[in-house]
Amino acid sequence: MQSLGPLVEREHEVDALRGAFAGLAGGFGGGSVVVVDGAAGLGKTALLRHARELAKESGLTVLAARGAELERDFAFGVVRQLVEPALPRDAGERAALFTGSAAATRGLFDADVPADDTAAYALLNGLYWLLVTMSERGPLVVMVDDAQWADLPSLRFLGFLARRVESVAISVVAATRAAEHDDGGLLDDILAADDCVLIEPRNLSAAAVADVVRRELGPEATDDFCAACHRITTGNPLFVRELLRVLAGGDVRLDADGALSVAAAGPVAIRRYVAARLRRQPDDVRRVVTAVAVLGDDVDLLLVARQAGVSLEAAAAAAERLTQYGIFERVEPPAFVHAVVRDVALSLVSLPERDAEHDRAASVLREAGEPLARLASHLLRTAPAANQDRLPVLLSAAQQAWLQGSPESASTYLTRARAEPPPPAFRSEISRRLGNCEAHQLALANAGEHLIEALSLADDPAQRARCAYSLARFRNACGETEPALALMSQAATELPEDTDPALVKEITGELIGFTRADLSSRTAFLAVLARVRDDVGDADPLVAAQLSLEAVLTGESAQRGIALARKALAGDRLAPERTGFWPAVTTLMVTDQTPEAEQRVEGALTRAVDRGQLFPQGFIRAYLARIALLRGDLAQAAEHVETGTRAVPDPNIGLPLLASTRAHLLVEQGNIEEAAEVLRELPEIREPRTALHLWLLGARMRVHTARGDHDAALADALACGAAYERWGATGVWEVPWRLCAADAYLGLGQRTRAAELVEEQLRRARSFGVASHLGVALRSFARLGDPVPSLKEAVAVLRTSPARLELAHALADLGHQQSRGEGRETLRQAAVLALECRATALAERLQGTLTARGGRPPRIEVSGVPALTPSERQVAALAADALTNRQIAERLYVTEKTVETHLSRAYRKLGVSSRTQLALQMTTSH
């Protein structure tokens with residue numbers, strides 16, 4: 001008895017599956033998502049088999065896979081099962097699939113393509129576009145059984161895919177065991193997909209069980225007998241099948257008296273019956289059963305034979321016998337009829353024997369050239385025994401998982417290696433790698449613990465330096481800048497002479513960045529920078545980046561700083577996850593090269609997302625928010641603040657920086673007290689210690705000024721000026737502390753002192769030659785004397801800068817000083833510009849002023865590119881650069897339908913009907 005025959009009492013479920021495929025088969029709809037969720041034995045696998053036949057009958061291509069408990073740590077193992085059989089063998093056809101974003105995934109499927117450091121999000125996006133390309137050759141059904149045992153990267157991809165199928169010819173069908181979702185919510189992510197169809201098979205009714213009983217045992221079975229069968233199995237199809245198998249093998253009456261035999265063969269008895277059948281098998285057969293239970297289903301019969309220690313012929317005969325007995329579903333490759341039967345088979349193997357079997361399995365798979373992750377999955381199931389032979393496999397699997405964007409799997413392998421335990425020489429490095437993986441996953445407490453442990457276990461100078469370096473970078477990213485600098489100094493000091501030059505350069509480069517950021521370490525910074533300049537010269541990108549910032553700080557011309565920054569960033573030789581990248585970007589920000597700076601930081605964000613690096617995203621978003629604020633794009637700044645704040649937990653160096661921009665945005669919205677509360681929630685900064693504290697001081701000065709607290713504003717401004725002096729900043733820099741102090745002095749009635757500071761800032765701004773700094777200084781100077789000439793100059797200067805909001809404020813100031821007619825037009829321009837910047841509070845104040853001045857209130861509305869939302873502008877800009885919708889979707893990790901939606905809205909708002917017209921609008925706009 002192999003099954004219950006035709007699907008029983010599953011008409012509703014079959015109709016749901018048929019409906020999910022109807023749109024694909026007819027070619028008039030997008031994909032769908034179906035989840036079959038139920039307890040063990042409810043026939044989920046049978047439903048999926050039926051779904052597969054339905055799909056094939058409809059002309060759909062099915063990509064099928066099955067999760068296995070033994071392979072949960074095999075990164076992208078289920079994805080490989082899905083895709084590999086469907087890849088064409090012809091090299092040309094195969095290459096055509098791996099184009100665009102899909103190229104990042106080739107290393108998963110082609111052995112001759114080495115794994116690189118392409119990580120998480122790039123792989124998910126690449127896999128999505130690989131399937132989209134395959135679906136263009138014919139609609140696809142992606143079908144995964146036992147999804148509760150799928151590896152986490154594959155589950156993450158299924159969720160990624162499920163949220164994007166509505167506009168492509170791909171449907172997803174996944175079967176999972178209810179209440180066994182130990183996956184961090186990834187299966188719930190699939191369930192959350194729009195219009196997901198949830199199928200929850202129920203136990204069979206009493207009538208259905210009676211029909212099956214009479215079909216299998218005979219029509220004379222009485223109602224009492226059938227009711228007893230239903231009662232003892234609760235209608236679970238697996239238990240019904242096994243019960244009937246037990247009853248069919250004995251002389252059982254099919255009446256009320258026979259119901260007693262039914263009671264004796266309940267679910268527990270059924271399990272005992274399966275176990276008894278297995279125990280009665282010959283030794284070779286039992287070994288084959290154990291081998292398949294250990295190796296998992298769908299393993300080649302030859303490997304099963306090697307694991308069992310029998311000949312291939314003996315293994316085949318055993319598999320045939322077990323199939324006849326209903327233990328296996330098939331002979332080649334052998335597979336249990338159900339996971340419950342496998343569980344029973346595995347329960348017959350003692351724990352010490354099971355440990356030895358998994359060790360043997362790793363050896364068998366290694367000899368067969370199986371993937372490292374498959375070997376390592378068996379070693380994970382062995383007990384620690386100080387077996388040093390296990391370490392190379394576990395460490396190699398961890399490295400491969402890391403490169404393939406699965407820090408979770410890498411952490412699992414490293415944790416197991418750490419427990420073996422490794423010999424002393426390996427312990428430090430394993431803990432260091434584990435800590436880095438955990439930081440990558442935002443498991444910050446564990447990461448800190450293991451990185452500290454790594455440093456304490458390091459037994460040679462090079463390893464101590466490496467560990468101090470890792471711990472320093474972690475602490476710096478958490479905002480612990482002082483201990484981070486001490487650790488980085490230790491790392492650089494302890495490097496032995498024979499250290500790998502690449503490691504020396506990396507650690508020294510980070511030491512330069514750490515000392516640069518520390519406001520009190522200028523002497524140390526200059527010494528390290530001079531040493532490195534002597535070694536590599538000024539042409540080195542790391543040196544050029546620092547020299548660009550030095551040029552700006554010390555009051556050299558802006559053009560020299562810009563030239564050095566561009567030289568440093570040329571060729572993408574500076575990795576954005578290293579501190580050397582950011583001085584060059586900051587130079588571009590301070591010198592009004594915000595579009596160029598934004599492009600560089602957007603590239604850093606793409607790189608972090610592609611590599612699955614969560615930790616740096618708060619810091620990167622903080623820079624993007626700051627750049628958008630400098631440009632006056634408050635909507636974009638707010639989007640970066642919200643996204644960055646959600647992306648990372650506390651502690652993270654980016655969070656205070658994001659909070660500083662949030663405070664500026666709230667002030668622009670007129671929410672002064674809310675802005676003050678945002679800053680009050682941050683740790684108190686009595687004396688700024690790092691360069692990034694200056695952003696916080698700038699925000700706090702502005703809030704104090706808006707609240708009229710001139711004493712507090714002056715104290716912060718003077719503290720900022722003292723910090724600049726310690727830092728060597730003699731030129732114009734980001735936070736105009738002199739102007740903030742001047743505002744405070746004016747509020748306190750000290751006009752002479754205010755004038756001195758404003759005049760000094762204006763002199764420096766003219767020398768520096770950057771429009772935004774000069775325009776802001778001129779606005780302040782206008783408060784000290786005849787305002788109109790200074791404000792007219794400020795407006796003229798700011799029109800040449802990217803600082804649109806500063807221009808709006810200058811126009812507003814000028815309009816208030818001009819005659820009624822002339823001022824009305826200036827105020828109208830300021831109001832339009834304020835709306836374009838999404839500075840609604842300023843726009844409303846100006847609208848009120850215009851209304852109060854009499855006459856008909858002007859109609860103020862935003863049109864053109866400023867009317868676009870941040871997302872629409874991003875899509876439109878890429879379209880203007882001649883990217884296709886497909887290329888834009890690949891770049892932004894969205895669907896083509898999303899691109900089409902944003903693009904159609906952009907066309908409507910801009911009044912264009914072609915990409916040529918769009919490109920013209922985008923290039924001629926500000």
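## A tour by selection

Select Cys-229 and Cys-226: their sulfurs are 6.1 Å apart, and Cys-226 holds the cysteine sulfur closest to that of Cys-229, yet the distance is too far for a bond. A disulfide here is a pair of cysteine sulfur atoms within 2.5 Å, and the structure holds zero of them. Cys-437 is likewise in no disulfide, and the nearest cysteine sulfur, that of Cys-467, is 14 Å away.

The model is predicted, so local features need pLDDT of at least 70 and side-chain atom pairs count only at pLDDT 80 or more, while totals for chains, interfaces and linings use all residues. Residues are numbered from 1 along each chain as its sequence is written, and side-chain values use heavy atoms, with hydrogens and water left out.

Stay with the two cysteines and show the surface. Cys-229 is buried at 2% relative accessibility, and Cys-437 is buried at 4%. Buried means under 20% relative accessible area, exposed over 50%, and partly exposed in between, with a 1.4 Å probe and protein chains only.

**The sheet**

Next, colour the strands. Strands (E, at least two residues) and helices (H or I, at least four) are DSSP runs numbered from the N terminus. Five strands form an open sheet in the order S2-S3-S4-S1-S5, with parallel pairing; two strands pair if DSSP finds at least two bridges between them. At the edges stand S2 (61–66) and S5 (197–199), each with a single partner strand, so one side of each has no neighbour in the sheet. From one strand to the next the twist averages 15°, where axes are lines fitted to C-alpha atoms and angles run from 0 to 180 degrees between N-to-C directions.

Zoom in on S1 (33–38) and S4 (170–177), which run parallel and are joined by six bridges. In this pair, select Asp-37 and look across to Thr-176 in S4, which stands opposite.

**Backbone in the loops**

Select Asp-146, in the loop between strand S3 (140–145) and helix H7 (152–162). Its phi is near 50°, a positive value in a residue other than glycine. Asp-146 is buried, with a relative accessible area of 6%.

Ala-386 also has a positive phi, near 55°. Find Ala-386 in the loop between helix H19 (372–379) and helix H20 (390–403). At 42% relative accessibility, Ala-386 is partly exposed.

Then go to the cis peptide bonds. The bond from Glu-332 to Pro-333 is cis, with omega near -10°, and Pro-333 lies in the loop between strand S6 (328–330) and strand S7 (335–336). The bond from Asp-650 to Pro-651 is cis too, with omega near 5°; Pro-651 sits in the loop between helix H33 (634–647) and helix H34 (654–668).

**A cavity**

A search of the whole structure finds five cavities of 30 Å³ or more. A cavity is a set of points, on a 1 Å grid over the protein atoms alone, where a 1.4 Å probe fits but cannot get out; lining residues have an atom within 4 Å of a point. Grid points are joined across faces, edges and corners, and a volume is the space filled by probe spheres set on the points.

The second largest cavity has a volume of about 40 Å³. To see its lining, select Phe-74, Ala-75, Ala-373, Ala-397, Gln-400, Ala-401, Gln-404 and Tyr-413. H20 gives the largest share of this lining, three residues. By class, the lining has six nonpolar, two polar and no charged residues, with Ala, Val, Leu, Ile, Met, Phe, Trp, Tyr, Cys and Pro counted as nonpolar, Asp, Glu, Lys and Arg as charged, and the others, Gly among them, as polar.

How values were computed. 1 Å grid on protein atoms, 1.4 Å probe; cavity = no way out; pocket = protein on both sides within 12 Å on 5 of 7 lines; lining within 4 Å.
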